[in-house]
Amino acid sequence: MDVNKEFTAQTWPDHPEQATLEGKNKFVGFWLFLACEIVLFASLFATYLALKNRGPASMGEEFTTQSLFELPLVFAMTMVLLTSSLTSVYAIYHMKNHNFKGTQTWMGITVILGAVFLALEIYEFNHYVHLGFHYTHSAFSSAFYTLVGTHGAHVLLGLCWITSLIIRNNKRGLNLYNAPKYYVAALYWHFIDVVWVFIFTVVYLMGAM
Amino acid sequence: MSSIAKKTGFGATVWDYITTVDHKKIGVMYLLAGTFFFVLGGIEALLMRIQLMRPNNDFVSAGFFNELMTMHGTTMIFLAAMPLLFGFMNAVVPLQIGARDVAFPFLNSLGFWLFFFGGVFLNLSWFLGGAPDAGWTSYASLSLYSEGHGIDFYVLGLQISGAGTLISGINFLVTIINMRAPGMTYMRMPLFTWTTFVASALILFAFPPLTIGLALMLFDRMFGANFFDHTMGGNTIIWEHLFWIFGHPEVYILVLPAFGLFSEIFATFSRKRLFGYSSMVFATILIGFLGFMVWAHHMFTVGLGATANAIFAVATMAIAVPTGMKVFNWLLTMWGGSIKVTVPMLYALGFIPSFVAGGVTGVMQAAAPLDYQLHDSYFIVAHFHYVIVGGIVLALFGSAHYYWPLMFNQMLDERLGKVTFWFFFVGFHCTFFVQHFLGLMGMPRRVATYGAEQGLDTFNLISTIGAALMAIGVLMLVINVVKTAIKNEKVGRDPWGDGRTLEWAIPQPVPFYNFRQTPLVRGLDTYWIEKQEGNEEGMTYAEPLGDIHMPNNSILPFIMTIGLFIASFGALYNMDADKPWSIFLLIGGLSILFACMFARSFKDDHGYHVHVEDILAEEERLYGKKGGNN
Ligand code: HEM
Ligand SMILES: [Cu+2]
């Protein structure tokens with residue numbers, strides 16, 4: 001099938017992301033990649049749990065999960081990121097209905113929300129560092145920044161990726177070549193969101209308790 | 001664009017290989033690079049054996065010995081065994097399932113270059129201030145305090161080549177899931193395809209913990225993080241867990257494809273269907289699954305507690321069950337078969353007793369109380385060489401003979417091959433059998449020398465003599481390859497005469513698009529079925545002759561890898577305060593990498609079509625007027 005063929009909403013297939021062999025490969029390959037990412041984050045979570053609140057013998061109560069974290073800010077971040085997952089669902093909904101403008105718009109909104117999340121995270125980290133909770137402060141600080149920071153790096157990568165998708169395809173509309181790309185980008189975004197839900201629960205909620 | 005108009009000349013050939021996305025050529029490159037590293041690791045081993053030949057020897061210094069044994073292990077596992085297996089997977093699996101290429105040809109090329117430059121990076125440490133010296137396991141309690149940049153070379157080098165492995169693993173999974181020819185159901189897949197499939201799944205789940213472990217190690221050394229530093233609240237055991245959660249599945253990543261290769265060889269040369277095919281598949285999956293449940297048997301002496309040790313001991317012993325199933329299936333494949341003892345079959349026959357011996361010592365070590373005696377002694381060294389050399393290396397050598405005609409359309413010399421086998425096989429047992437006793441007599445592993453009064457001299461001398469025999473064997477194999485290349489005698493399709501699976505049904509040399517028409521698979525051992533029915537074509541086709549869609553070549557994977565390679569040097573030297581220029585290397589290298597990724601996503605790559613008249617012209621060029629199927 002010619003991937004550059006023009007479609008209308010009527011001729012557009014039900015599963016455009018899997019209508020070509022290349023699309024199908026991308027689809028399966030990306031799910032497998034996410035499986036590998038899950039193990040990656042699982043390793044980081046395990047390390048974090050082992051090192052939570054651990055530090056040099058001189059470390060006081062000041063920098064423990066109970067006294068450090070500020071849940072209202074983190075809750076706001078969670079809401080922003082969850083919403084961005086929803087907006088990416090809208091984008092894919094429009095993609096499946098061959099409504100390119102809707103796809104682009106909602107993807108754009110997703111990027112904006114992601115950027116807000118990232119800004120809040122940078123603010124949060126900056127705040128901790130100013131309190132003296134540096135990366136090298138303790139085993140706990142290293143584990144915390146590495147786990148949450150890896151997630152943040154994923155968000156940043158997702159932002160760059162989706163932004164370049166939006167720019168690259170802006171002039172040409174949807175076809176069977178870029179439909180799988182939008183689809184897996186959205187999938188990646190959901191994954192980032194799910195990881196954050198775990199971070200919110202395991203690091204922040206369980207930490208503040 | 002058509003790739004049929006071929007340029008010739010050395011430069012053009014090099015360019016062709018650097019840019020290729022053809023799985024057959026990538027397979028050849030894996031084979032070449034893997035052999036290079038295998039020889040390198042072998043030389044390191046020989047140096048160690050010379051040092052241990054007699055007591056109180058000072059052939060190498062203790063520090064250099066540590067570097068040798070670290071680099072030997074790391075090279076052999078990551079840079080020799082895995083890539084050589086990947087070579088066969090690339091060369092064979094797409095043909096076995098009736099595919100024209102892998103699912104992601106671009107990533108396939110990227111995976112190869114990442115592995116290769118990761119390996120080169122690691123080995124450059126020899127010339128740039130010293131190799132890593134904390135063992136291939138690089139336990140944090142040693143490696144954090146290792147002087148110089150050796151450990152950084154280890155961490156960054158394995159990170160790069162590990163990324164390549166992960167990419168290849170995903171690629172093979174998707175290839176096998178999506179690209180099978182019509183009729184090739186899962187339960188008709190040849191066993192090498194099955195074991196590649198399961199091994200790739202293991203890669204998918206086992207490599208991320210290694211990636212994380214290496215990253216944490218890097219952060220500890222580079223940014224002053226405290227993951228493994230107990231004075232700062234860190235915990236050195238975390239590294240051991242992460243490493244072995246990767247490390248044990250890794251040994252099955254290696255041995256499962258070896259099982260697959262031997263399964264092909266046994267069936268072919270017993271001229272019989274593989275006995276218990278479905279139980280073989282089941283055992284493969286079960287081993288893959290259990291492989292993740294046993295990592296702590298490497299940590300019995302760490303002090304995890306009796307309960308943990310007991311659980312991991314039982315889980316470890318359980319793996320012997322599916323492994324035993326496989327051994328019996330191979331034996332019963334031969335039972336009543338009409339056996340032809342070719343060189344590949346000879347290796348297969350040698351494999352069974354050798355590997356079983358390694359499995360038995362494995363079960364012994366799995367008994368946690370006994371392992372307190374055996375751990376970190378030469379007994380362990382004997383065990384893992386019995387499974388790795390007796391399993392994997394024998395499989396690699398046997399398959400080199402078996403698949404040589406498929407990859408190069410030439411047959412390695414059978415007589416020389418048999419002599420090679422005996423040198424290698426006898427040398428192998430001579431080297432490692434006595435090491436069991438050295439271990440029981442109390443010789444610790446990873447020591448640079450031992451005392452004259454310890455009574456260890458004789459066995460160590462025998463072991464060194466065995467190593468020399470193995471080296472002669474390897475040398476003879478290389479001579480065989482050169483001799484065969486010079487003789488350059490073409491053999492054509494199905495040179496063993498007993499090929500059973502699809503890869504043997506393709507005319508030789510294999511055209512770049514593999515199958516002119518996609519085949520229809522009519523059962524397990526589909527080529528055998530066609531031959532039994534007297535089908536001269538060797539295949540039933542699932543489609544009429546038509547245009548073939550093929551992927552474009554690309555130089556980007558190579559440039560991306562170079563970028564990462566440069567950036568790694570930047571990162572490494574950035575740890576030294578007196579090398580401010582390193583930051584430019586880091587930024588420059590990463591810019592190259594990202595520029596390539598950008599170019600890749602902004603420039604569409606749709607591949608191209610080979611038209612019917614081009615296919616016919618190519619077939620005439622390859623096979624002359626009569627066509628390739630006779
Ligand atoms: C029935 C199967 C097997 C069992 C029960 C088994 C058991 C064990 C145990 C308990 C150890 C730890 C010994 C110690 O350090 O104290 C060990 C080490 C090792 N095994 Fe196995 N094993 C089996 C098969 C294999 C296979 C198939 C391979 C490779 C292809 C392999 C490679 C290794 C390696 C490389 C080590 C040593 C790692 C190191 O400390 O550097 N084993 N095995
Ligand atoms: Cu193990």
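Predicted model: local features only at pLDDT ≥ 70, side-chain atom pairs only at ≥ 80, totals over all residues.
Residues are numbered from 1 along each chain as its sequence is written, chains are lettered from A and ligands numbered from 1 in the order in which they are written, and side-chain values use heavy atoms, with hydrogens and water left out.

Chain A contains six helices and zero strands, and from the N terminus its elements follow the order α-α-α-α-α-α. Helices (H or I, at least four residues) and strands (E, at least two) are DSSP runs, numbered from the N terminus. Along the principal axes, the C-alpha atoms of chain A fill a box of roughly 70 × 30 × 25 Å. Of the 209 residues in chain A, 55% are buried; buried means under 20% relative accessible area, exposed over 50%, and partly exposed in between (1.4 Å probe, protein chains only). A contact requires heavy atoms within 4.5 Å. Among contacts in chain A between residues at least 6 apart in sequence, 79% join residues at least 24 apart.

The accessible surface of chain A is about 9,100 Å², and carbon and sulfur atoms account for 68% of that surface. Such areas come from the Shrake-Rupley method with a 1.4 Å probe; for residues, only the protein chains shown count as cover. Chain A carries 11 positive and 12 negative side chains, the centres of the two sets lying 12 Å apart. Lys and Arg count as positive and Asp and Glu as negative, whereas His and the chain ends are not counted; each charge is placed at NZ of Lys, CZ of Arg, CG of Asp or CD of Glu. One residue of chain A, A:Ile122, belongs to helix α4 (residues 100-131) and counts as exposed because its relative accessibility is 55%. Its C-alpha atom is separated by 22 Å from that of A:Met206, 84 residues apart along the chain.

The contact between the chains involves 37 residues of chain A and 35 residues of chain B. Together the chains bury about 2,800 Å², with carbon and sulfur atoms giving 71%; buried area is the accessible area (1.4 Å probe) that two parts lose on being put together, summed over both. On the chain B side, B:Ile212, B:Phe227 and B:Phe602 lose the most area to chain A, together 17% of what that side buries. Two salt bridges are found across the interface, a salt bridge being a side-chain nitrogen of Lys or Arg within 4 Å of a carboxyl oxygen of Asp or Glu. A:Arg168 pairs in this way with B:Asp604, with the closest N and O atoms 3.1 Å apart.

Over all chains, the structure holds 20 salt bridges. In chain B, B:Arg500 bridges to B:Asp525, the closest N and O atoms being 2.9 Å apart. B:Arg500 lies in the loop between α15 and β1 and B:Asp525 in the loop between β1 and α16 (526-532), so the pair ties together parts that are 25 residues apart in sequence. B:Arg500 is buried at 5% relative accessible area, and B:Asp525 is buried at 11%. B:Glu619 forms a salt bridge with B:Arg516, with the closest N and O atoms 3.0 Å apart. Because B:Glu619 lies in helix α19 (residues 612-623) and B:Arg516 in the loop between α15 and β1, this pair ties together parts that are 103 residues apart in sequence.

B:Asp229, in the loop between α7 (191-222) and α8 (236-270) of chain B, is buried yet has no salt bridge; the nearest side chain of opposite charge, B:Arg221, is 12 Å away.

Most residues other than glycine have a negative phi, and most peptide bonds are trans. B:Ser138, which is not a glycine, has a positive phi of about 45°. B:Ser138 is located in the loop between α4 (105-124) and α5 (140-143) of chain B and is buried, at 1% relative accessible area. B:Arg446, also not a glycine, has a positive phi of about 60° and is partly exposed at 28% relative accessibility. A cis peptide bond, with omega about -10°, joins B:Gln508 and B:Pro509.
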